[in-house]
Amino acid sequence: MVVGMGGAVPHTVRIHPPRARSALVAPHQQKVSPVNHSRSESPAEIVARLRAAFRTGRTKSLEWRTAQLRGLRDMLTEGGADLAAALHTDLGKPSGEAYRTEIDFTIREIDHTLDHLPAWLAPEAVAVPPVLGPDASAWTQYDPLGVVLVIAPWNYPAGLLLAPMVGALASGNAVVAKPSELAPATSAALARLLPAYLDTEAVAVVEGGIPETTTLLAERFDHVFYTGNGMVGRIVMRAAAEHLTPVTLELGGKSPVFVDRGTDLDVVAERLARGKFLNAGQTCIAPDYVLTDPQTAAALEPALTRAVEDLYGTDPATSGEYGRIVNERHFDRLTGLLGSGRVVVGGSGDRTSRFIAPTVLADVDPTSPVMREEIFGPILPIVTVAGLDEAIDFVNDRDKPLALYVFTESDDTRHRIAAETSSGGLGYGLPVAHVMVLDLPFGGVGESGMGSYHGHHSIETFSHRKAVLAKPLV
């Protein structure tokens with residue numbers, strides 16, 4: 001079995017040796033002798049060591065869980081500048097965007113979890129039927145699963161490794177963290193920082209590419225959390241099935257936008273442009289394409305042109321607020337999609353700097369190349385439909401998307417979209433923002449994924465909700 005992550009493939013497992021620490025104190029605050037774990041430790045040895053640590057019970061106390069979350073928070077505050085610099089190296093990500101979407105976002109997730117964790121973990125009483133007698137009681141309680149593998153993608157390589165780890169650690173699990181090899185600077189920074197702030201008797205970082213990920217997946221984990229594409233998601237699921245390991249698959253897909261007649265198109269364009277061109281379009285819940293009627297489409301074109309210029313100026317290549325494509329392979333794939341329609345704005349690029357201008361395409365045929373795959377880049381096609389009925393049919397004829405966005409003033413349109421379509425998330429009037437609501441579950445459906453996380457939903461994902469019945473003997 002080969003896991004296809006793409007890009008250059010290193011052929012050595014780079015394991016970062018832990019420092020000794022108490023389970024209850026942030027490791028960077030301690031002055032103790034290091035633990036001598038071998039740099040040549042294999043994935044099998046890592047998993048066995050973490051499983052042994054888990055079986056001691058060290059990860060199950062509330063004190064250990066909160067200590068790891070606070071250590072992770074300290075890492076982000078003290079090492080945030082290092083991570084932001086690495087994100088800029090890998091993705092040309094502006095510093096402000098790196099903090100908003102990855103560093104500060106994860107800090108908010110940690111703070112929210114710390115505030116609510118005792119209440120989330122509290123046993124929940126359940127009614128007992130009279131046949132069991134008045135002295136019987138029943139409840140549910142959350143048990144940690146064991147050793148969890150978190151595999152991160154390259155587009156938000158810090159946030160999408162650390163946010164699942166928040167839930168896994170808060171649930172009392174040992175964790176193997178696998179950063180993306182396609183964001184090598186961020187991977188190296190995480191591999192250096194995480195062992196300095198977490199209990200590495202129970203947390204390990206494995207860097208590497210296809211061989212390393214494939215070897216990891218051959219091990220028995222108690223949960224695998226993967227963020228990426230559907231092709232690799234299937235490989236992850238097949239590997240996990242060998243051990244009957246549950247999986248969470250955070251995938252993607254073509255997230256549509258329906259723009260209704262009569263909406264304020266200047267507001268629509270500004271919000272669309274912000275959501276679409278964030279991270280140079282390399283966002284799993286970015287608006288992928290627009291569905292609207294021909295008249296609205298014609299009026300939306302100049303509004304989008306103005307919105308792009310307002311955000312990034314007349315020359316986005318010189319903007320300090322606009323990122324770059326992750327590598328030349330993805331640059332070539334994206335430039336191959338530019339011929340799928342008439343260019344309204346953008347359409348230019350530079351392979352050397354991996355720059356592709358924020359681009360809007362009009363007169364796009366639904367069968368064109370840009371409509372056959374998730375774009376995952378700064379290209380926004382506009383596809384015309386007769387109206388709401390045709391838009392709903394268009395969405396339902398395709399794979400269920402990770403997100404669906406609607407711009408309308410009509411309650412009836414909102415109700416119909418909610419009732420007659422299926423998507424991982426649904427946003428009215430504002431793309432992408434639902435991921436910021438930490439009490440909303442984030443996840444896909446069908447081809448866009450399975451399972452969800454964030455907030456209390458992460459506890460449900462990384463725990464077993466155990467049923468307990470008690471009846472006195474006398």
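1. Aromatic pairs. Rings of Phe, Tyr and Trp (its six-membered ring) are taken as paired if their centres lie within 6.5 Å, with planes under 30 degrees apart counted as stacked, over 60 as edge-to-face and the rest as tilted. Across the whole structure, a search on this basis returns seven aromatic pairs. One of them is edge-to-face, because the ring centres of Tyr322 and Phe355 are 5.9 Å apart and the planes stand at 75°. Tyr322 belongs to the loop between α10 (294-312) and α11 (328-335) and Phe355 to strand β13 (residues 355-356), so the pair ties together parts that are 33 residues apart in sequence. Both Tyr322 and Phe355 are buried; the term means under 20% relative accessible area, with exposed over 50% and partly exposed in between (1.4 Å probe, protein chains only). Ring pairs also link Phe225, Phe442, Tyr453 and Phe462 into a cluster.

2. Basis of the values. The model is predicted: local features need pLDDT of at least 70 and side-chain atom pairs count only at pLDDT 80 or more, whereas totals for chains, interfaces and linings use all residues. Residues are numbered from 1 along each chain as its sequence is written, and side-chain values use heavy atoms, with hydrogens and water left out.

3. Helices (H or I, at least four residues) and strands (E, at least two) are DSSP runs numbered from the N terminus, and two strands pair if DSSP finds at least two bridges between them.

4. Strand β9 (residues 256-259) runs parallel to β16 and is joined to β16 by three bridges, with Phe258 opposite Val406. Strand β16 (residues 403-407) is in turn joined to β17 by four bridges, again in parallel; here Leu404 has Leu426 as its bridge partner. In β17 (residues 425-428), Gly425 and Gly427 form a covered face, while Leu426 and Tyr428 form an uncovered one.

5. The three-stranded sheet. A second topic is the open sheet with the order β2-β3-β19 and antiparallel pairing. Strands β2 (124-126) and β19 stand at the edges with a single partner strand each, so one side of each is left without a neighbour in the sheet. The twist averages 30° from one strand to the next. Three bridges connect β2 with β3 (residues 137-144), and Glu124 stands opposite Thr140 in β3.

6. Nonpolar patch. Leu469 lies in β19 (residues 463-470) and counts as exposed, because its relative accessibility is 54%. Together with Val131 and Leu132, Leu469 makes a nonpolar surface patch of about 300 Å².

7. Salt bridges. The structure holds 23 salt bridges, each defined as a side-chain nitrogen of Lys or Arg within 4 Å of a carboxyl oxygen of Asp or Glu. Among them, Arg192 and Asp82 meet at 3.5 Å, N to O, and this pair links helix α6 (residues 184-197), which holds Arg192, with helix α3 (residues 80-91), which holds Asp82, 110 residues apart. Arg192 is partly exposed at 48%, as is Asp82 at 38%. Lys93 and Glu102 meet at 2.5 Å, N to O; Lys93 is buried at 1% relative accessibility, and Glu102 is buried at 1%. Glu447 and Arg234 form a further bridge, at 2.6 Å, N to O. That pair connects the loop between β17 and β18 (449-450), the place of Glu447, with Arg234 in helix α8 (residues 230-241), 213 residues apart.

8. Backbone points to inspect. Asn279 and Asp363 each have a positive phi of about 55° although neither is a glycine. Asn279 sits in the loop between α9 (265-277) and β10 (289-292) and counts as buried at 1% relative accessibility. Asp363 sits in the loop between β14 (359-362) and β15 (379-384) and is exposed, with a relative accessible area of 58%.

Note on methods. Patch = residues over 30% accessible without salt bridge, like charges linked within 9 Å, V, L, I, M, F, W, Y side chains within 5 Å. Areas by Shrake-Rupley, 256 points an atom, 1.4 Å probe, with all protein chains shown as cover. Axes fitted to C-alpha atoms, helices over the stretch in contact; angles between N-to-C directions.
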